[in-house]
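Open the model in your viewer and keep the sequence panel beside it. This tour tells you what to select at each stop and what you will find there.

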Amino acid sequence: MTNHESDGRDGRDVRRRKFLAAAGSVGVAGIAGCSGTGEEDDGEDGGDGTDGGAVGQIGSGRAGRDAPGGTSMAEMPALEGELTVYSGRGEFLVGEIVDYIDDLYDDFDLTVRYNNSTDLVNQIVNEGDGSPADVFYSVNAGALGALADAGRTQALPDDVAGMVREEFRTEQWVGTSGRARTIPYNTEEFSEDDLPDDIMAFPEEFEGDLGWAPSYGSAQAFITAMRILEGEDATREWLEAMVERGAATYPDEFRTCQEIADGEIDAAFTNHYYIQRVLDGNPEAPIATAFTQGDAGAVFNVAGAAVVDTASDADLAANFVRHLLSSEAQDYFARSTFEYPLIPEVEPIGDLPTIDELDVPDIDLAELSNLEPTIDLMREAGVQL
């Protein structure tokens, strides 16, 4: 499998973009009622292909993978005391690494409450000064920005936030893993050179059969990015063209990638890790990854964490976030959830371009949480949701 040949990289604009710098401008009202805002839909496939091996066995679970760099949990401050984490990330995806951290320390009492990120933001706000939440762990930057915008977070210590490069953090929260929008395609029918590098060109120019999952949160966030970057008129025309050409519709993006591997469709629009999950189950599957350039089809979003303003022990809360940036945790995200690690010493799984090589659009990711105008536009264009 060759997701991104080195020759193809040479012609790409690999400029580094600070595409996350302003995330945090959307208030809670902007995401209220929009539970499809890219919540943990990356787990709705039931976790197929996410068996990464024991967390403590650094580098295990993927043949030929070296031990990662970064800072080990053994080199971090011990966790002692009681801590409550509100997690917008699904338990079956992150429960193993959270339990691993909990089990490391005899004097650490961890409580985790799982829900979707939007509901947890609203819950913390509604709980006011009596919220038991110490750490908010979110699937996307928009929810982190909403909580910070509501004044319900506190600044992270510099030595925690500084573990991650500036694109993936603010003073109030830090990214812990990332996901890129991609074009999965069937390698038996097309090569990467056959695919447009402009997302807007696909409905008219791509000669194969297209598929998508328009009711999926990640897909709706992608269309939201298109609406922001290209405007409503151009987005409506794109949506209408997708409907007119009869693009196959699937319930989620993992299923969409499976259909590509099975030869039912030729290409689609999904997050990058669904392709890796298909290949994890069948390394010979005829599916690979292509990327568009600097447009809505190339958005990069992050999961991340913040210390809640009501945390009873802010130092303990910050040190828990620090553990999510440890070499063990970052390697876990690469091996088990197939996400992009956000510390530079840990590489992603698969033949993927580095973060620096992704041509990502300049967009405030917090805006992707405002889905209502997008859903209205999709319905107007005749998209079945």
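**Stop 1: the start of a helix.** Select Asp-252 and Phe-254. At the start of H9, a side-chain oxygen of Asp-252 comes to within 3.1 Å of the backbone nitrogen of Phe-254. Keep in mind that you are looking at a predicted model.

Now extend the selection to the whole of H9, residues 253-261. Is this helix largely enclosed or largely open? It is largely enclosed by the rest of the structure, because 7 of its 9 residues are buried. Colour the buried ones: Glu-253, Phe-254, Thr-256, Cys-257, Glu-259, Ile-260 and Ala-261. Then step just past the helix to Gly-263, which has a positive phi of about 80°.

**Stop 2: the whole chain.** Zoom out. The protein chain holds 13 helices and 12 strands. It has 385 residues, and 59% of them count as buried. Next, think about contacts between residues at least 6 apart in sequence: 81% of these join residues at least 24 apart.

Stop 3: Select strand E5, residues 174-186. How many of its residues are buried? The count is 13 of 13, so the strand is mostly covered, buried meaning under 20% relative accessible area.

Which strands pair with E5? Take these partners one at a time:

- Select E11, residues 300-308. E11 pairs with E5 in the antiparallel sense over 6 bridges. Find Asn-301 in E11, the bridge partner of Arg-179.
- Select E12, residues 340-341. The pairing with E5 is antiparallel, over 2 bridges. Here Pro-341 stands opposite Ser-177.
- Select E9, residues 270-271. E9 and E5 are antiparallel and pair over 2 bridges. Look for Thr-270 opposite Thr-182.
- Select E10, residues 287-290. E10 and E5 run antiparallel, joined by 4 bridges. Thr-289 in E10 is the bridge partner of Pro-184.

**Stop 4: one arginine.** Stay in E5 and centre on Arg-179. Is Arg-179 buried or exposed? It is buried, because its relative accessible area is 6%, and the cut-off is under 20%.

What does its side chain meet? Show Val-139: its backbone oxygen lies 2.8 Å from a polar atom of the Arg-179 side chain. Then show Tyr-273. Its side chain and that of Arg-179 are joined by a polar contact of 3.3 Å.

**Stop 5: out on the loop.** Select Asp-193, in the loop between E5 and helix H6 (202-205). Asp-193 is exposed, because its relative accessible area is 74% and exposed means over 50%. Asp-193 and Ala-290 are 97 residues apart in sequence and 9.2 Å apart in space.

Stop 6: Finish at the second largest pocket, which holds about 200 Å³ of space. Of its 13 lining residues, select those closest to the centre: Arg-165, Ile-343, Pro-344, Thr-354 and Ile-355. What is the lining made of? It divides into 9 nonpolar, 1 polar and 3 charged residues.

How values were computed: Residues are numbered from 1 along each chain as its sequence is written. This is a predicted model: local features need pLDDT of at least 70, side-chain atom pairs count only at pLDDT 80 or more; totals for chains, interfaces and linings use all residues. Side-chain values use heavy atoms; hydrogens and water are left out. Buried means under 20% relative accessible area, exposed over 50%, partly exposed in between (1.4 Å probe, protein chains only). Two strands pair if DSSP finds at least two bridges between them. A polar contact is a pair of N or O atoms within 3.5 Å; within protein, one must be able to donate a hydrogen and the other to accept it, and residues adjacent in sequence count only if both atoms are side-chain atoms. On a 1 Å grid over the protein atoms alone, a cavity is a set of points where a 1.4 Å probe fits but cannot get out, and a pocket is an open set with protein on both sides within 12 Å along at least five of seven lines; lining residues have an atom within 4 Å of a point. Grid points are joined across faces, edges and corners, and a volume is the space filled by probe spheres set on the points. Ala, Val, Leu, Ile, Met, Phe, Trp, Tyr, Cys and Pro count as nonpolar, Asp, Glu, Lys and Arg as charged, and the others, Gly among them, as polar. Contact means heavy atoms within 4.5 Å.
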